[in-house]
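My entries follow in the order I made them.

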Amino acid sequence: LTTWLEIRKANTAANTYRTESDTAARRVKPGLGDVQLRHLTPLVIERWLARLAGETTANERRKAAKLLKLILNDAVKRRVIGSSPMAGIPIPARVE
């Protein structure tokens, strides 16, 4: 996550980076930071999303899920992992 954020900072607008960094620090790292990438499975992600449902707003949960999907898709693109464990997991709906 730290490496991804470093790379992202160099290639992203400042406001976007701030939002992503904040979401990573408040939602992704506390919930999944101890899980090694090779142990990150759809079930682990679904449990994390379920925990977030009880801890935060629906929109915060959506932001966290979208960020994780972006991180994992970048890992696939960089050939760190063969496929994203987030594939097939729906992003929570936006609440107006």
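**Entry 1: threonine 56**

I looked up the side chain of threonine 56 and found a polar contact with the side chain of arginine 27, at 3.1 Å. A polar contact here is a pair of N or O atoms within 3.5 Å; within protein, one must be able to donate a hydrogen and the other to accept it, and residues adjacent in sequence count only if both atoms are side-chain atoms. I note that this is a predicted model, in which local features need pLDDT of at least 70 and side-chain atom pairs count only at pLDDT 80 or more, while totals for chains, interfaces and linings use all residues. Residues are numbered from 1 along each chain as its sequence is written, and side-chain values use heavy atoms, with hydrogens and water left out.

I placed threonine 56 in the loop between α3 (42-55) and α4. Helices (H or I, at least four residues) are DSSP runs, numbered from the N terminus. Threonine 56 counts as buried because its relative accessibility is 15%; buried means under 20% relative accessible area, exposed over 50%, and partly exposed in between (1.4 Å probe, protein chains only). Leaving aside neighbours within four places in sequence, I found threonine 56 in contact with Arg27 and Arg61, where contact means heavy atoms within 4.5 Å.

**Entry 2: α2 against α4**

How do the axes of α2 and α4 cross? I read a crossing of roughly 90° for α2 (residues 14-32) and α4 (residues 58-77), with the axes coming within 9 Å. Axes are lines fitted to C-alpha atoms, for helices over the stretch in contact, and angles run from 0 to 180 degrees between N-to-C directions. That makes α2 roughly perpendicular to α4; angles of 65 to 115 degrees count as roughly perpendicular, under 35 as roughly parallel, over 145 as roughly antiparallel and the rest as oblique.

On the α2 side I listed Thr19, Glu20, Thr23, Ala24, Arg26, Arg27, Val28 and Leu32, and on the α4 side Glu60, Lys63, Ala64, Leu67, Leu68 and Leu70. These residues divide into 7 nonpolar, 2 polar and 5 charged. Ala, Val, Leu, Ile, Met, Phe, Trp, Tyr, Cys and Pro count as nonpolar, Asp, Glu, Lys and Arg as charged, and the others, Gly among them, as polar.

I then checked two residues of α2. Threonine 23 is found in this helix and counts as buried, at 2% relative accessibility. Not counting residues up to four places away in sequence, threonine 23 touches Val28, Lys63, Ala64 and Leu67. Alanine 24 also lies in α2 and is buried, at 1% relative accessibility. With neighbours within four places set aside, alanine 24 is in contact with Leu1, Leu5, Lys29, Pro30 and Leu67.

**Entry 3: α1 against α2**

I found α1 and α2 packed at an angle of about 170°, their axes 10 Å apart. They are therefore roughly antiparallel to each other. Thr2, Trp4, Leu5, Arg8 and Lys9 in α1 meet Thr16, Tyr17, Glu20, Ser21, Ala24 and Lys29 in α2. I sorted the residues of this contact into 4 nonpolar, 3 polar and 4 charged.

In the loop between α1 and α2 I looked up asparagine 11, which is exposed at 61% relative accessibility. Alanine 13 lies in the loop between these helices as well and counts as partly exposed, at 49%.

**Entry 4: the largest nonpolar core**

Which residues touch the most other members of the largest nonpolar core? I found Ile45, Trp48, Leu49, Leu68, Leu72 and Met86, in a core of 21 residues. A nonpolar core is a set of buried Ala, Val, Leu, Ile, Met, Phe, Trp, Tyr and Cys residues joined through side-chain atoms within 4.5 Å. Helices α1 (2-10), α2, α3 and α4 each supply at least two residues of this core. The largest share, 7 residues, comes from α4.

**Entry 5: arginine 79**

I looked up the backbone of arginine 79, which has a positive phi of about 60° although it is not a glycine. Most residues other than glycine have a negative phi. Arginine 79 is found in the segment after α4 and is exposed, with a relative accessible area of 75%.
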